[in-house]
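Please consult the sequence and the coordinates shown here alongside the text.

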Amino acid sequence: MEDKITVRLTEDVRPYMAGFIIHKQADVKTIERAFQEGNYEVVGEIAHRMQGTSAMFGIAVLADVCASLINSVRARDAREIGGKIAELSRILGRLDITYE
């Protein structure tokens, strides 16, 4: 089993986190489908949105992978795109959010 990724957030975002995680997991599934269909535009758009919301909430590890995915989409590097999508899924499954 992979180690958890601990993220410390401010208490004021706690009410939004359960929904955030659920929506980001759904976004990753949509990205996976779009990638399988060769629709890089949709992959890039959703990754861009995920990057922004992840950064807004202070989840830098997720925002950073989204940024890398966006760059891979721009380069049309299918191998890298597939790897980054898998990484997003793993990160979401390993997040351990604590509040201060």
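How many residues does α3 have, and how far does α3 reach from its first C-alpha to its last? Helix α3 has 16 residues and reaches 23 Å, close to the 22 Å expected at 1.5 Å a residue. The model is predicted, and the points below are grouped by topic.

**Overall architecture**

- The protein contains four helices and two strands, and along the sequence these follow the pattern β-α-α-α-α-β.
- For 100 residues, a compact globule would have a radius of gyration near 13 Å, and the protein agrees with this because its own value is 13 Å.
- The C-alpha trace spans about 40 × 30 × 20 Å along its principal axes.
- Of the 100 residues, 37% count as buried.
- The accessible surface comes to about 5,900 Å², and carbon and sulfur atoms account for 50% of that surface.
- Among contacts between residues at least 6 apart in sequence, 67% join residues at least 24 apart.

**Helix α2**

- Helix α2 covers residues 40-57, and its end C-alpha atoms lie 26 Å apart; this agrees with expectation because 18 residues at 1.5 Å a residue should span 26 Å.
- The buried residues of α2 are Tyr 40, Val 43, Gly 44, Ile 46, Ala 47, Met 50, Ser 54 and Phe 57.
- An α-helix has 3.6 residues a turn, so residues three or four places apart point the same way.
- The packing partners of the buried α2 residues are β1 (5-9), α1 (14-36), α3 (60-75) and α4 (78-94).
- Just after α2, Gly 58 adopts a positive phi of about 90°.

**Helix α3**

- Within α3, the buried positions are Leu 62, Ala 63, Val 65, Cys 66, Leu 69, Ile 70, Ser 72 and Val 73.
- The cover over these buried residues of α3 includes α1, α2 and α4.
- Arg 76 follows α3 and has a positive phi, near 55°.

**Nonpolar core**

- The largest nonpolar core has 30 residues, of which Ile 59, Leu 69, Leu 88 and Leu 95 touch the most other members.
- To this core β1, α1, α2, α3, α4 and β2 (95-99) each supply at least two residues.
- Leaving out residues up to four places away in sequence, Ile 59 touches Val 7, Leu 9, Met 17, Phe 20, Ser 54 and Leu 95.

**Aromatic pairs**

- The structure holds three aromatic pairs.
- In one of them, the rings of Phe 20 and Phe 57 have centres 5.1 Å apart and planes at 70°; the pair is edge-to-face because such an angle is over 60 degrees.
- This pair links distant parts of the chain, with Phe 20 in helix α1 and Phe 57 in helix α2, 37 residues apart.
- Both Phe 20 and Phe 57 are buried.
- Ring pairs join Tyr 16, Phe 20 and Phe 57 into a cluster.

- Asp 27 is buried, because its relative accessible area of 12% is under the 20% cut-off.
- Neighbours within four places in sequence aside, Asp 27 is in contact with Ile 46, Arg 49 and Met 50.

Notes. Residues are numbered from 1 along each chain as its sequence is written. This is a predicted model: local features need pLDDT of at least 70, side-chain atom pairs count only at pLDDT 80 or more; totals for chains, interfaces and linings use all residues. Side-chain values use heavy atoms; hydrogens and water are left out. The expected span of a helix is 1.5 Å times one less than its number of residues. Buried means under 20% relative accessible area, exposed over 50%, partly exposed in between (1.4 Å probe, protein chains only). Contact means heavy atoms within 4.5 Å. A nonpolar core is a set of buried Ala, Val, Leu, Ile, Met, Phe, Trp, Tyr and Cys residues joined through side-chain atoms within 4.5 Å. Rings of Phe, Tyr and Trp (its six-membered ring) pair if their centres lie within 6.5 Å; planes under 30 degrees apart count as stacked, over 60 as edge-to-face and the rest as tilted. The radius of gyration is taken over C-alpha atoms; the globule rule is 2.2 Å times the number of residues to the power 0.38. Accessible areas come from the Shrake-Rupley method with a 1.4 Å probe; for residues, only the protein chains shown count as cover.
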